[in-house]
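This briefing covers pockets, cavities, ring contacts and backbone angles. It is arranged by topic.

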Amino acid sequence: MRLESMPAGGSRLVRDYLAGTPRAARFYRGSPFAPGTYRRKADELDRTMGPGMREAAAPIVRPAGPGGARALREVLDRNGYFVTTGQQPGLLGGPLYSLYKALTAVRLAEDLTALLGRPVMPLFWVASEDHDWEEANHAHVIDESNRLHRLTLGPNPGAVPRPLGRVRLGEGVVEIVNRLERSFPHNDYRTRYTDLVRETFNPWATMASAFSDLMAELLRDTPVGLVDAAHPALKEASRPILRAEAEDPAASEEAVAETSDELAGLGYSLQVPVIPGAVNLLTDLEEGRDRLQRSGGGFTHRRSGRKLSKRRLMSLIEDAPGLVSPNVLLRPVVESFVFPTLAYVGGPGELAYFGQLAGLFRHHGTGMPVAVPRASLLAVETKVARVLDKFGLEVGDLRRGDALLTRFAREQVPEDAGRAVGRWRDAVHSIAEELEQISAGIDPGLAGAVKKARNAGLSALETLEKKIVRAIRRRSETAGGQIMKASVNLWPGGKPQDRVLTPLQYLMRYGADFTLAALGEARVELDSATA
């Protein structure tokens, strides 16, 4: 198996930012590939961080393993920094990009430690307060027969949306793990990881706790620390940001709207729409987790319509901050307020909404971290590589397997058949043109009938040509089957592999060697020629 780096992709804003286009760069901290960007951010943190900030943050961090524990001590003892990333919890570890985010943060932290001469620790923020059960409740694997399977726990077991840290998996997860096991050939890796998944994704675990425990084990040999978004110490530390947001939500809206208007004025689309009156806070009360909307001097919950006074919201923040959480825009501000954060590693969508946040960071008096693209990797197994080599294909050629098969079949049409079809088509056009000229002298109204007959002839010819191609495809079933099997492995469901398959797809086959290989490819290349 080999791993290939793929283009980061994303919106035009993100592509321009990563390319260093000045009009896009102004919305970010600086180029993620320039060492000077990180040096300037480190200097800012040294100037602005309050005393005891690292010590206050330390209890929030759960080291994934011994390396994480050592890294945390180093940060505390030598005034270090953090590189952060994160993801919503997902069944069986969620899509591959969750692991790739963590490994990118590991490599970046290593490089920044060498660059700055100060310890830098990677953190993985587990968004346990998120409540999108439909996004988290499924995982995809490809079995021994190269068939893609969607393993799902089904609908939300509760009557109202709840944070994933409060939703237990239930008995249905037992069959999920059994189906996972049956999808892979028997080997030592399958046994090890099946046992691990049975231990972590058990009926009594929540989606968030199971995801955290699995990620901790997968990252045990790295210096990663995990952060639970619902950790009581984190809620305590983030209270000033939550309080400020509740005190003056209109000012935050104005700050985001101003930056968003600038982006729109330059022709960039917005990743997160600015909704008038929306508040960057959610509560988790009787009706479930719900976002707040300004209403008079208080608030209204957007889904349930329940009213909430400003006094009541402030009371929740003071006395029960676990019931109040930041939305996707405010979360990075909270993170940078609590941790001395040099950089945030994100996917294309996250980098896009980071471009909208400069004003919000300024409003809360917190410096924006450097926005860094995660590694986008494609696993090419040996069986797939053989198909690519056999037919002279690139990985991108297989994204639309059916279209590729049709193209292949057309290319295999015998030359004499192709020439005959071409002569027939030319003849139809030529004879139709001749008839059109002749008929014009008889009756100008006949031109329409000639065109209709020409079109009918061309349509019949096109149908015949398709039948020839289908016949060739049937004759080449073996080649077609090989191409389609390779296609489902590289582009499951026609989508990028790392957005669909769980990391267990490769851990069950290759063990920890897969993680090591991915770590080796997850580097952010810093430009040594840039200050």
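Which residues line the second largest cavity? Trp 125, Glu 129, Ala 229, Leu 234, Lys 235, Ser 238, Leu 242, Pro 326 and Val 334 do. The model is predicted, so local features are given only at pLDDT of at least 70 and side-chain atom pairs only at pLDDT 80 or more, while totals for chains, interfaces and linings use all residues. Residues are numbered from 1 along each chain as its sequence is written, and side-chain values use heavy atoms, with hydrogens and water left out.

**Cavities**

- A cavity is a set of points, on a 1 Å grid over the protein atoms alone, where a 1.4 Å probe fits but cannot get out; lining residues have an atom within 4 Å of a point.
- Grid points are joined across faces, edges and corners, and a volume is the space filled by probe spheres set on the points.
- The whole structure holds three cavities of 30 Å³ or more.
- The largest cavity has a volume of about 100 Å³.
- Its lining is made of Glu 253, Val 256, Val 272, Pro 273, Val 274, Ile 275, Ala 278, Asn 280, Arg 291 and Leu 329.
- Two or more residues of the lining of the largest cavity come from each of α13 (249–265) and β8 (278–285); helices (H or I, at least four residues) and strands (E, at least two) are DSSP runs, numbered from the N terminus.
- Seven nonpolar, one polar and two charged residues make up the lining of the largest cavity. Nonpolar covers Ala, Val, Leu, Ile, Met, Phe, Trp, Tyr, Cys and Pro, charged covers Asp, Glu, Lys and Arg, and the others, Gly among them, are polar.
- The second largest cavity has about 30 Å³, and its lining has six nonpolar, one polar and two charged residues.

**Largest pocket**

- A pocket is an open set of grid points with protein on both sides within 12 Å along at least five of seven lines.
- The volume of the largest pocket is about 900 Å³.
- It is lined by 35 residues, of which Asp 130, Glu 135, Val 328, Arg 331 and Tyr 353 are the closest to its centre.
- At least two lining residues of the largest pocket come from each of β3 (81–87), α6 (96–116), β9 (288–295), α15 (331–338) and α16 (348–354).
- The largest share, four residues, is that of α16.
- The lining of the largest pocket contains 14 charged, twelve nonpolar and nine polar residues.

**Second largest pocket**

- The second largest pocket has about 310 Å³ of space.
- Among its 16 lining residues, Pro 95, Tyr 97, Glu 135, His 138 and Arg 499 are the closest to the centre.
- Elements with two or more residues in this lining are α7 (133–136) and β5 (138–142), and β5 gives the most, with three residues.
- The lining of the second largest pocket has seven nonpolar, six polar and three charged residues.
- Strand β5 also contains His 140, which is buried at 15% relative accessibility. Buried means under 20% relative accessible area, exposed over 50%, and partly exposed in between (1.4 Å probe, protein chains only).
- Leaving aside residues up to four places away in sequence, His 140 is in contact with Leu 148, His 149, Arg 150, Val 500, Leu 501 and Thr 502; contact means heavy atoms within 4.5 Å.

**Aromatic rings**

- Seven aromatic pairs are found in the whole structure.
- One of them is Tyr 353 with Phe 354, which is stacked because the ring centres are 6.1 Å apart and the planes are at 25 degrees. Rings of Phe, Tyr and Trp (its six-membered ring) pair if their centres lie within 6.5 Å, and planes under 30 degrees apart count as stacked, over 60 as edge-to-face and the rest as tilted.
- Tyr 353 is buried at 9% relative accessible area, and Phe 354 is buried at 1%.
- Tyr 344, Tyr 353, Phe 354 and Phe 361 belong to one aromatic cluster.
- The charged end of Arg 54 sits over the ring of Tyr 81, 5.9 Å from its centre. This requires NZ of Lys or CZ of Arg within 6 Å of the ring centre and within 35 degrees of the ring normal.

**Positive phi**

- Most residues other than glycine have a negative phi.
- Asn 79 has a positive phi, near 55 degrees. It lies in the loop between α5 (66–77) and β3 and is partly exposed at 41% relative accessibility.
- Leu 92 has a positive phi, near 60 degrees. It lies in the loop between β3 and α6 and is buried at 1% relative accessibility.
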